[in-house]
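Biologist: I'd like to learn how to read a model like this one. Can we go through it together, one feature at a time?

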Amino acid sequence: MAGGKARLMTRSTPTQDTGTAYGRGLQTHDPEITEVGPGTPCGELMRRYWHPVELSSRLGRRPREIRVLGEDLILFRDLCGRPGLITPRCIHRGAPMSFAKVEEAGIRCPYHGWLFDTRGRCLDQPCEVDKPAFRERCRQPWYPVEERYGLVFAYLGPPEKKPVLPRWAPFEDLPPTEKIVPDAASFSVGGDETEELIPWNWLQDWENTMDPFHVVILHTAFSGPQFNPDMAVMPHVEWEYTPLGMQYSAHRRFADGQEMDRITHVMFPSLRSVPNIQLSHGIAESMGWLVPVDDASHRTFHITRMPLDFEGVPLVTAPVLEKKWSEMTEDERWIAPGDWEIQKGQGSITLHSEERLASSDTGVVMLRRQLREQIRLVRDGGDPIGVHFDPEAPPYWIGAGNFYRDRAAIGG
Ligand code: FES
Ligand SMILES: [Fe+2]
């Protein structure tokens, strides 16, 4: 590499500068744990799970173009209410199915009117004399979809490995005073309901969840307080693996003597449950999915337990500098940067070769190690963590929350 030669040529003497930027080696990301396209190792791991791809409420008469795991697809709902997910070029002669119209039985191509059901089967070819044997060979490639919690989930993996779409205990059997509110409000910044593509690799966002120390600095001392001011207390943190991924427990002793454990979970392949950032006592009200759109962008979907009369989108962050993030000037964002500025600034895929990981990055290191293990497990023919094939299995439990040590047992 050029760097080696350059270092030889600039061998230091007491009068020369050291540590300059000149002659650095190639700066790269680690493709194994970040790239998600078809056939990539991480993409194959991702394809062993269900991913939310849209809010159920958004499926109207017009098909929606979506992109997930590097694949362009068309999501629709037929007039009987069944969701479907197909490839975007009609298998006849490639017309864009984004211009198709939905009917009771499926979706009809605008060019010559071929009609496909939600499993891609061709039901009608109006310009042909019907030959069922030919028609049955004309199958539009499709993926399975299911709906739950107000989200449309898709499975893009091998059919024989399709797991059961999981249920999550905190969102089952709600009391009559609560409901589940789904949202796709992209990224939690400064009290906004932004609905944008998040323009960087999904892993930067996911591993940030296992980094409790940036909360003390970025969100409190440096820019804040963007969350509860008590986050300024430096926590004692312990990370550990769980049956679905990993968690950290951040223990804080506050000035008034109260002690609290803040427990945050991540679940494979890219889920998280983060406790209330105002530090209210009890289990986390929400969980979220970070869904890779491609290697350089992702979307987030959340579900949140809210009172029955709640309307709108549950926003987990408050405005900063008394302004919504979308209303802040560049100077104001410089004064109070948040997760958006930092993660975007790491680059579309961060440069792993340039990092200097330290002890406070233990969660990041553990998560990457677990991710790598799961990628290799799938590559070697195994089933990854957290998938199951038993429709009768109980819902998964998540133990995230803020737990004050002097309070009574947590409520549900
Ligand atoms: S291209 Fe779709 S029916 Fe001809
Ligand atoms: Fe953050």
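Biologist: Let's start with one residue: which strand does His302 lie in?

Modeller: Keep in mind that this is a predicted model. His302 is part of strand S19, which covers residues 297–307.

Biologist: Is His302 buried or exposed?

Modeller: The cut-off for buried is under 20% relative accessible area. His302 has 14% relative accessibility, so His302 counts as buried.

Biologist: And what does His302 touch?

Modeller: Setting aside residues up to four places away in sequence, His302 touches Val181, Pro182, Asp183, Met287 and Gly288.

Biologist: Now the bigger picture. Which domains is the chain divided into?

Modeller: Domain 1 takes in 51–147, and domain 2 is made of 166–384 + 393–404. Their C-alpha centres are 35 Å apart.

Biologist: How do I put a size on the interface?

Modeller: Interface size is often given as the accessible area lost when the parts come together. Here domain 1 and domain 2 bury about 900 Å² between them, and 61% of that is on carbon and sulfur atoms. On the domain 1 side, Pro52, Leu55 and Arg67 lose the most area to domain 2, together 49% of what that side buries.

Biologist: How many residues are in contact across the two domains?

Modeller: Domain 1 has 10 residues in contact with 13 residues of domain 2.

Biologist: And how many salt bridges and polar contacts are there?

Modeller: The rule finds 2 salt bridges across the interface. As for polar contacts, the count between the domains is 5 residue pairs, both residues being at pLDDT 80 or more.

Biologist: Which strands supply the domain 1 side?

Modeller: S1 (50–55) and S2 (64–68) each supply at least two residues of the side that touches domain 2. S1 gives the most, with 5 residues. By class, that side of domain 1 has 5 nonpolar, 2 polar and 3 charged residues.

Biologist: Why does Glu54 count as buried?

Modeller: Because Glu54 has 2% relative accessibility, and buried means under 20%.

Biologist: What else is Glu54 in contact with?

Modeller: Leaving out neighbours within four places in sequence, the contacts of Glu54 are Arg64, Leu75, Leu151, Val152, Arg299 and Phe301.

Conventions:
Residues are numbered from 1 along each chain as its sequence is written. Chains are lettered from A and ligands numbered from 1 in the order in which they are written. This is a predicted model: local features need pLDDT of at least 70, side-chain atom pairs count only at pLDDT 80 or more; totals for chains, interfaces and linings use all residues. Side-chain values use heavy atoms; hydrogens and water are left out. Domain bounds come from an automatic or database domain assignment. Contact means heavy atoms within 4.5 Å. Buried area is the accessible area (1.4 Å probe) that two parts lose on being put together, summed over both. A salt bridge is a side-chain nitrogen of Lys or Arg within 4 Å of a carboxyl oxygen of Asp or Glu. A polar contact is a pair of N or O atoms within 3.5 Å; within protein, one must be able to donate a hydrogen and the other to accept it, and residues adjacent in sequence count only if both atoms are side-chain atoms. Helices (H or I, at least four residues) and strands (E, at least two) are DSSP runs, numbered from the N terminus. Ala, Val, Leu, Ile, Met, Phe, Trp, Tyr, Cys and Pro count as nonpolar, Asp, Glu, Lys and Arg as charged, and the others, Gly among them, as polar. Buried means under 20% relative accessible area, exposed over 50%, partly exposed in between (1.4 Å probe, protein chains only).
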